[in-house]
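Trainee: I am new to this structure and would be grateful for a close look at a single part of it. Could you please take me through the aromatic pairs and the residues that form them?

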Amino acid sequence: MNVKGVDIGSGQPKVVVSFSNHSKETVDEEIQGVLDNPSAVDVIEIRSDAFDALSHEAHLALVNHIIESLKDYPILYTYRTQSEGGKGQKTAVEYESLLNSVLDECDIQLIDVEFFMYEDIVDALIEKAKRKGVLVVLSQHDFRDTPDFDEIMATYKDMNERGGDILKLAYNPADGRDVLSILTAVHDARQQLKCQVVGISMGELGKITRVAGGVFGSCLTYGYISHKAAPGQFHVQDLKNNLKIFE
């Protein structure tokens, strides 16, 4: 899939930089960081759960400020709820309303939808995103543990059947076997489902999934420019350099 000239799913995983600052001043620092390292970044992720203290109007204005400042990059909009490891405290109804507003008022190319949100909300958001021509990243994050291999594969299959364009799973590993489980599931899902997948083991133990995931089939890998949005993330420049090992 080609998004603003970025060929997601071809070659090395594309580097997503996660913006997780909370104000225009600090977000501008992240924007400048991208402008100073243009070759290290492929996709911009707006982690808008950091904007919870803002009004609805100010939230959308900050999203649009980032989009306007980095108009050459594909934009992935993400609101990560607390139940999935983020800072977002919105209810399910508020979550749906916010994502609908972003789809209506912001020129984004991809939107993250939490797969285990209420089924009717997920289905409605997927349907609307597709009408708008926005790619859907269906995601699940579990900071407690890693399911067994069969459960991981079942989740990928369910996500694919529900209409996700990119299927993203991120788990907390207890040991190396958990890391191998997610990498094996990425490989098998990519082969069996013929869709774009992402699989991440979080924290120090799972760092290899961020740099070597592409060998197994991951199409995206997430890094930071200012400070980490998730445990185990690399700075985008280090991430890009490490990916060269697997070319």
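Mentor: Let us begin with tyrosine 95, which is buried in this predicted model: its relative accessible area is 0%, and the cut-off for a buried residue is under 20%. Tyrosine 79 likewise counts as buried, at 0% relative accessibility.

These two residues belong together. A pair of aromatic rings is described by the distance of the centres and the angle of the planes. The structure has 2 aromatic pairs by the rule applied here. In one of them, the ring centres of tyrosine 79 and tyrosine 95 lie 6.2 Å apart and the planes meet at 65 degrees; because planes over 60 degrees apart count as edge-to-face, this pair is edge-to-face.

Phenylalanine 115 counts as buried, at 6% relative accessibility, whereas phenylalanine 116 counts as exposed, at 52%; the cut-off for an exposed residue is over 50%.

Phenylalanine 246 lies in the segment after α8 (236-243) and is partly exposed, with a relative accessible area of 37%. Together with Val215 and Ile245, Phe246 forms a nonpolar patch on the surface, whose accessible area is about 310 Å² in all.

Conventions
Residues numbered from 1 in each chain as written. Predicted model: local features only at pLDDT ≥ 70, side-chain atom pairs only at ≥ 80, totals over all residues. Heavy atoms only, no water. Patch = residues over 30% accessible without salt bridge, like charges linked within 9 Å, V, L, I, M, F, W, Y side chains within 5 Å. Areas by Shrake-Rupley, 256 points an atom, 1.4 Å probe, with all protein chains shown as cover. Salt bridge = Lys/Arg side-chain N within 4 Å of Asp/Glu carboxyl O. Helix = DSSP H or I, 4+ residues; strand = E, 2+ residues; numbered from the N terminus. Buried < 20%, exposed > 50% of the residue type's maximum accessible area, 1.4 Å probe, protein only. Phe/Tyr/Trp six-rings, centres within 6.5 Å; stacked < 30°, edge-to-face > 60°.
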